Structures are given as C-alpha cells and as structure tokens.
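Hello,

Here is the structure I promised to pass on to you. Have a look at it, and then read on for what turned up.

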Amino acid sequence: MVPGVCMMQMIKEILEQILNKQTNLVQAADMKFLAVINPQENNLIHATITYAIDEAGLINVVASLFKDELVHFKCKLQLETLS
C-alpha cells in the first residue's frame with residue numbers, strides 16, 4: 001500500500017520535473033485520501049496537476065492521482081522554489 005504522504009510526494013516530484021526546480025512545501029489544504037493505491041494491482045497511476053505562480057513567487061497547486069474513474073488522492077498545495 002502507498003501511504004498518503006507518498007502520494008503527496010509524487011505530486012511534488014512531478015511538478016519539480018515540470019518546473020525543473022526543487023520545491024519546498026509551504027502549505028497543504030483539502031487533502032483527500034480517497035482510495036488506497038496497491039502497487040501490485042495499480043502499477044500505473046495518472047496525475048492531473050494545475051498550478052499558478054502568484055506575485056510572491058509561491059506555486060499554488062491543485063492535483064489528483066487517479067486510475068480510470070477511481071480517484072485515489074486530491075489536494076491543494078502551496079510550494080516555494082528553492083534557490
């Protein structure tokens with residue numbers, strides 16, 4: 001089973017690859033762990049990530065992990081880039 005903190009880390013690492021920058025979690029809100037991810041049964045999980053960078057340079061993220069119609073995880077995160 002994939003722990004919830006790992007699901008959040010997956011979102012963070014995907015976004016870091018998109019931005020080509022390392023980030024630090026500032027805030028997590030509306031975290032919903034809706035279904036367990038069992039790697040033996042679900043070896044392919046999809047992610048949707050939308051983000052916007054605000055005036056202060058913080059990255060506001062809305063993301064989810066899913067397979068087919070089953071949503072495993074949804075969250076809103078705020079990240080900052082590391083120098």
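In which helix is I14 found? I14 belongs to helix 1. Please keep in mind that this is a predicted model.

I14 counts as partly exposed because its relative accessibility is 33%, which falls between the 20% and 50% cut-offs. Together with I18, Y51 and I53, I14 forms a nonpolar patch on the surface, and the four have about 360 Å² of accessible area together. At least two residues of the patch come from helix 1, and at least two from strand 2 (46-53).

Now to the inside. In general, nonpolar side chains of soluble globular proteins tend to be buried together. Here, the largest nonpolar core has 15 residues, and I11, V61 and F73 have the most contacts inside it. Helix 1 (4-19), strand 3 (59-67) and strand 4 (70-81) are the elements that give two or more residues to this core. Helix 1 supplies the largest share, 5 residues. As for I11, beyond residues up to four places away in sequence, it touches I49, V61, A63, S64, L65, F73 and L77.

One more residue to look up is T23, which lies in strand 1 (residues 23-33). T23 counts as buried because its relative accessibility is 3%, and buried means under 20%. Leaving aside neighbours within four places in sequence, the contacts of T23 include K12 and E16, as well as I59, L79, E80, T81 and L82.

Enjoy exploring!

Best wishes

Key
Residues numbered from 1 in each chain as written. Predicted model: local features only at pLDDT ≥ 70, side-chain atom pairs only at ≥ 80, totals over all residues. Heavy atoms only, no water. Core = buried A, V, L, I, M, F, W, Y, C linked by side-chain atoms within 4.5 Å. Buried < 20%, exposed > 50% of the residue type's maximum accessible area, 1.4 Å probe, protein only. Helix = DSSP H or I, 4+ residues; strand = E, 2+ residues; numbered from the N terminus. Contact = heavy atoms within 4.5 Å. Patch = residues over 30% accessible without salt bridge, like charges linked within 9 Å, V, L, I, M, F, W, Y side chains within 5 Å. Areas by Shrake-Rupley, 256 points an atom, 1.4 Å probe, with all protein chains shown as cover. Salt bridge = Lys/Arg side-chain N within 4 Å of Asp/Glu carboxyl O.
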